[in-house]
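Please read it with the model open.

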Amino acid sequence: MAQPPLPLSIQDAAAHLGVSAHTLRYYDREGLLAVPRGGGSKRQYTSAELGLLRMLIRLRRTGMGMAGLREFSRLIRLGEAGVPARRALLVAHEQAVVAQLGAMQGDLQAIRDKIALYDHLHPEVAPAPSPAPLAEPVTS
């Protein structure tokens with residue numbers, strides 16, 4: 001997605017990031033980022049806030065809780081001094097995500113096995129197989 005002209009209003013930032021304005025307000029209230037305010041005390045999202053928000057959204061989407069997000073944001077504010085702890089936090093989260101993916105792969109296989117069983121026991125409800133693609137004509 002192309003970067004729109006900055007700074008962005010909360011509505012534009014939310015649309016750009018694929019979240020609700022309510023989510024951005026919540027992250028602001030939770031102290032995850034400090035968004036500069038413009039005229040009329042309206043939030044103005046710059047590339048710095050958008051970059052941090054993209055990462056926070058990814059972390060949240062992969063199961064990191066608010067305490068972890070707060071800690072990550074705190075470590076970001078420390079700058080270079082926070083890099084070792086930030087890295088450690090991300091490594092621990094990566095391990096948790098890998099474990100979740102492994103569990104989900106097992107769950108997905110169980111679902112596929114059950115579908116295959118139902119297809120075998122009740123072929124009348126199984127979808128018809130897709131027709132084979134037509135062969136490409138041979139030209140010399």
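Predicted model: local features only at pLDDT ≥ 70, side-chain atom pairs only at ≥ 80, totals over all residues.

1. Residues are numbered from 1 along each chain as its sequence is written, and side-chain values use heavy atoms, with hydrogens and water left out.

2. Look at the start of the chain. A cis peptide bond links Leu6 to Pro7, with omega about -5 degrees. Pro7 sits in the segment before helix H1 (10-17). Helices are DSSP runs of H or I, at least four residues, numbered from the N terminus.

3. Next, the core. The largest nonpolar core has 24 residues. Such a core is a set of buried (under 20% relative accessible area) Ala, Val, Leu, Ile, Met, Phe, Trp, Tyr and Cys residues joined through side-chain atoms within 4.5 Å. H1, helix H2 (21-29), helix H3 (47-61) and H4 each give at least two residues. H3 supplies the largest share, 6 residues. Leu24, Tyr27, Leu33, Tyr45 and Leu69 have the most contacts inside this core.

4. Ala81 lies in the loop between helix H4 (66-77) and helix H5 (83-121). Is Ala81 buried or exposed? Ala81 is exposed, because its relative accessible area is 66% and exposed means over 50% (1.4 Å probe, protein chains only). Ala81 and Leu8 are 73 residues apart in sequence and 29 Å apart in space, C-alpha to C-alpha.

5. Finally, H5. Ile111 is found in this helix.
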